[in-house]
Structures are given as structure tokens and as C-alpha cells.
Amino acid sequence: MSKRNLCAVLHGAGDLRVVERPTPQPADNEVQVAIRSVGVCGSDMSLYRTAVIGPCSLRSPMTLGHEACGVVSSLGSNVTQLAIGDRVALSPIEGCGRCRVCSEGHHNLCPHVRMMATPPTDGSLANFVVWPASLCYKLPDTMTWEEGALVQPMTLALYGCQRAGVKPGHRLLVCGAGPLGMMMVMAAKDIGVSSICVTDLSDDRLQFLKTTTGCLVTRADDDAASDVADRVMSLLGREADVTIECSGAPSAVRVGIYATKAGGCLLLAGIVPREVQVPLLGAFMKELDIRSMLRFTDTFPAAIDLIASRKVDVRRLVTHTFKLNDVVEAFETMGRKVPGKIIIQCSDDSDMF
């Protein structure tokens with residue numbers, strides 16, 4: 001097997017290069033994975049454009065990508081639960097396992113967390129990566145590689161719906177029709193919500209989501225947040241039981257406060273700026289629960305099962321596929337806010353064994 005290891009490495013804002021790096025070898029409890037497909041998400045775009053994601057800044061060149069799947073190509077000496085040739089999806093979050101937060105089951109909140117493609121940890125847009133075997137989940141042979149790359153975003157969506165308390169019969173507002181918003185819609189529909197309204201600035205994204213999922217849509221343009229909320233409530237028939245904000249836009253947070261019912265929940269799922277001006281008195285008078293989500297906890301196996309069952313057909317969301325050598329074109333395409341999900345193919349069968 002060829003062990004050449006090409007990686008999509010970010011050197012600074014807008015400076016993404018495909019370079020060859022040494023092929024990593026697994027430590028005792030790790031596996032080497034020949035990466036097949038990687039999805040591109042909003043946090044990848046933030047890093048590409050600004051070299052910043054949330055509170056983390058790029059300090060040295062780093063490989064991007066964290067929505068990955070591939071084939072186990074080498075085993076660490078202590079690994080017994082996986083075998084060479086296993087198809088796996090990679091959970092990108094590694095807590096320390098020793099702190100109070102981890103002991104309480106919240107490894108996503110670990111102060112010592114290691115997260116793929118979050119500085120300083122390299123990501124998975126590469127021919128080969130090494131990762132803890134315990135964070136590599138077997139995929140059934142019936143799943144496509146594109147579906148495998150969508151396991152991690154579906155995991156986020158399932159966790160978000162849990163955090164927001166989404167239930168059958170709810171009327172749901174999703175702010176943002178990008179990659180995360182799309183997955184939230186699909187996860188909520190599987191739960192059995194009665195109706196979903198999605199807002200976004202892109203007509204193309206809204207129309208794509210309306211066509212693929214049957215949700216209601218309205219533009220979140222320069223109108224006052226209260227006006228956008230009025231349109232949402234008109235489409236839903238009343239206020240939303242739950243709003244999931246996936247864009248990180250301050251204006252969308254304001255819409256969520258106006259459009260969510262008294263006693264309802266507004267979940268902040270998108271990465272918001274450090275400070276946001278919001279009508280907090282309105283939330284206070286409604287006794288609105290404002291929650292946030294950071295990464296996910298234990299929903300990875302459930303996401304695999306949901307996608308494998310095809311109860312939720314995420315294949316319909318994939319609209320663009322690129323080779324690793326064309327990674328810059330892939331990111332520039334996503335930067336134009338095209339509808340659907342972008343997948344990057346990092347290798348094929350001939351590259352692995």
C-alpha cells in the first residue's frame with residue numbers, strides 16, 4: 001500500500017494548501033485510518049476565512065476537517081476491538097477522562113479536550129490519520145462513504161434536539177439553512193415534530209431544504225427581527241415551541257426570542273460572537289429557556305443507526321463532491337453559500353491496501 005500522506009493544511013486565513021506530510025503511525029491505543037470522505041462544515045469555513053474558531057486561533061499550520069470516515073489501515077499494539085479493513089466513522093472529540101466534567105459524562109466540555117481541526121489539533125482532511133481506537137465507530141457495509149461523513153453532523157443534530165427538548169408534535173423554528181441547520185431539520189422530522197420553519201438569507205439554500213425535506217421557509221433578510229418572527233409564526237400557525245439557532249447571527253438570536261412561545265426553549269447551536277445585543281427583557285417576560293450546545297456527548301452510535309436505517313436519507317443532502325487536491329475549490333464553493341452538503345474524497349480503494 002502506498003503510504004504517501006497528502007493533507008489539506010491551513011497556513012493562515014485563506015491560505016489552504018495540499019502538502020505532503022509524514023504518514024502518522026498509531027500509538028498503543030490508536031489506529032491508523034485511511035480517510036475516505038470528509039464533510040465540510042461551518043467551523044471549517046470559519047477557520048479557512050479567519051484562522052479563528054470560537055476562542056481558538058491558528059498558531060501554526062494545521063490540517064482541517066473533522067467529519068470523517070475511512071478504513072482502518074494499521075493497529076496500535078493494544079487495540080483489540082477493531083481490525084484492519086474495518087470501515088469506521090471518527091468521533092472528533094477526546095476528553096481527558098480524568099477531570100470532574102468528564103467523570104460527570106460531559107467530555108464535550110472537558111477543559112483539556114482535544115478536538116480534531118481545532119487548534120492545535122490536526123484534522124482529518126488527509127490520506128491517513130491516527131486517532132484513538134475508542135473513538136472509531138464501525139460502519140455497516142450498507143452505508144456509503146458520503147453517509148459515513150455525515151455521521152458526525154447528525155450526531156450534533158441529535159444532541160441539539162436532546163438539549164432543546166424537541167418532542168413529537170412540537171412546532172420548531174430552525175435559524176440557518178446551512179449544513180448544521182439541514183441536519184437539525186432531518187433529526188427533528190425523525191422525532192416527529194408537527195411542523196418546521198427555517199430562516200436563512202439564501203433563497204437557494206431555503207428552496208433546496210424546502211424541496212428535500214418539505215419544511216416551511218422564509219427569508220431572514222434586513223427586516224426587523226420582530227417582523228421575521230411574525231412571518232415565522234404565521235407559517236407555523238403560532239409561536240414555535242422550540243427554536244434552534246444554527247447560524248450564529250445575532251439577528252437570528254433576536255428572531256428566536258420573539259418567535260418562541262412562553263415557557264419554550266431557544267437553543268444556541270451556531271457559534272455566536274463574544275457579545276450579542278438581544279431583547280433580554282422579552283426572554284425574561286416569557287420565562288424562556290436559553291440554552292447552548294457545545295459539540296456532543298453520547299449520540300454517535302444513535303446517529304450511525306439512524307443513517308444506516310435510511311429512516312433519514314442524508315444522501316439527498318450531498319450536492320457537491322471534490323477530490324482532496326481540489327480542496328480550495330471546495331471551500332470557495334461553500335463560501336458562496338451553495339445549497340446542500342459538500343464532501344471531500346481523500347482516497348479510494350486503490351490507495352488503501
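Which strands make up the open sheet of three strands, and in what order? The order is E2-E1-E6, with antiparallel pairing. This is a predicted model, where local features need pLDDT of at least 70, side-chain atom pairs count only at pLDDT 80 or more, and totals for chains, interfaces and linings use all residues. Residues are numbered from 1 along each chain as its sequence is written, and side-chain values use heavy atoms, leaving out hydrogens and water.

**The open sheet**
- Helices (H or I, at least four residues) and strands (E, at least two) are DSSP runs, numbered from the N terminus.
- Two strands pair if DSSP finds at least two bridges between them.
- Strand E2 (15-20) and strand E6 (62-63) stand at the edges with a single partner strand each, so one side of each lacks a neighbour in the sheet.
- Strand E1 (residues 6-12) runs antiparallel to E6, joined by two bridges.
- In this pair, Val 9 stands opposite Thr 63.

**Strand E7**
- Eight of the nine residues in E7 (residues 67-75) are buried (under 20% relative accessible area, 1.4 Å probe, protein chains only).
- Strand E3 (residues 30-39) is antiparallel to E7, with eight bridges.
- Val 33 faces Val 72 of E7.
- Strand E8 (residues 87-90) also pairs with E7 in the antiparallel sense, over three bridges.
- There, Cys 69 stands opposite Ala 89.

**Helices H7 and H8**
- The axes (lines fitted to C-alpha atoms over the stretch in contact) of H7 (residues 225-236) and H8 (residues 250-259) come within 8 Å and cross at roughly 55 degrees.
- Residues in contact (heavy atoms within 4.5 Å) include Val 228 in H7 and Tyr 258 in H8.

Key. Axes fitted to C-alpha atoms, helices over the stretch in contact; angles between N-to-C directions. Buried < 20%, exposed > 50% of the residue type's maximum accessible area, 1.4 Å probe, protein only.
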